[in-house]
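Here is a friendly briefing to read alongside the model. Have the viewer open as you go.

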Amino acid sequence: MFLFKFLIKNSKKLFLSFCFVTSIQTQISAKGFPKEYYEIEDINKAKEYFFEYMYKMVSYENRLIKKERQFIKDVLTSNILNIDFDSPTFHRLLDIKQKYKIKNIYTLQEYEKKVDIIPPSLALAQAALESGWGKSRFVSDANNIFGHWTYDPAFGIIPKKRDFGAKHFIRVFKSLQESVSAYMLNLNRNLAYKSFQETRFQQRIQNENPDGFKLSQTMLNYSGIAHEYLNLLKDIITINNLQNYDKRFYQSNY
C-alpha cells in the first residue's frame, strides 16, 4: 500500500525523470554512418563514400599512434637512467606500457612491435567485411564496425543469433571513431595477432612501410572462417585498389 501511495504522489516526478533519461538515451543511441550514405543508390559511389569516411577515422587514429611511437623512441633512446619517476614523462611512459600490455617498460623493441600504425588498406577491408559495408546491425545498434565482443552486459547488447549458453555481447561504442580506436588497439596489443605485429616489425626493419595487403594474410585468428577470411580480405583490397590508401597515407607524412 505504501508503495502504491508513493507512486501516485510522485507520478509526475517519475514521469519527468523517465522522459529525461529517455531523451539522454536517444541522443546516445544515434548510431551508424551519416544518413546521406544510406541514401546513395549507386554501388560505386557508396563504396567510395564508405572508404573515404573510414579513411579519415583511420588516419586520425594512426596519427595518434605515431605520436605515441615517437614519444617512446625519444624517451628510450635518451639517457633513461636520468628519468624522473615523478615526472609527467615517466607517467606517460607508464600509461603507454599499460595500454599496450608491454612487459618490460624499458625495452624499446617491444614497444616498436606493438605501438605502430595499422595500414589503411587493411583497416578499410576489415571494416567493409565486418560491418557489411556499414549496414549491419552491429553498426546501426552499437556503432560497432569491426565485430567486437564483450562479456560485460553494461557495455553490450545480445546478438540475435547467439548460441544457447553463450555469454558474449555485441560491444556498444559511443561513436564510430571509438570503434576504430578499439580495433586498432586490439590488433596492436592482443596476443592473437602476434603474427601481425611481428610481420609489421620485420617490414619496419627492412625500411618498409607496413603493407596492408601482406599484413591482411596474418589475420587468421580474426574470424572463425580462417583461411576463407584471408581470401576475402585479399579480394576486397585488390578489387577496390585499397593499397592506394596506404600510398596516400604515407605520402601525406602522416
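In which helix is Gln203 found? Gln203 is found in helix H10, residues 194-205, where helices are DSSP runs of H or I with at least four residues, numbered from the N terminus. This is a predicted model, in which local features need pLDDT of at least 70, side-chain atom pairs count only at pLDDT 80 or more, and totals for chains, interfaces and linings use all residues. Residues are numbered from 1 along each chain as its sequence is written, and side-chain values use heavy atoms, leaving out hydrogens and water.

**Around Gln203**
- Gln203 is buried, at 5% relative accessible area (buried means under 20%, with a 1.4 Å probe and protein chains only).
- Beyond neighbours within four places in sequence, Gln203 is in contact with residues including Glu208, Asp211 and Lys214 (contact means heavy atoms within 4.5 Å).

**The largest nonpolar core**
- This core has 55 residues, and Met54, Tyr111, Leu122, Tyr183, Leu187 and Met219 have the most contacts inside it (such a core is a set of buried Ala, Val, Leu, Ile, Met, Phe, Trp, Tyr and Cys residues joined through side-chain atoms within 4.5 Å).
- H4 gives the most to this core, with 13 residues.
- Setting aside neighbours within four places in sequence, Tyr111 touches Ile72, Leu76, Leu93, Ile96, Lys97, Ile102, Asn104 and Ile105.

**H7 and H13**
- Pro120, Ser121 and Leu124 in H7 meet Gln243, Tyr245, Asp246 and Phe249 in H13.

How values were computed:
Buried means under 20% relative accessible area, exposed over 50%, partly exposed in between (1.4 Å probe, protein chains only). Helices (H or I, at least four residues) and strands (E, at least two) are DSSP runs, numbered from the N terminus.
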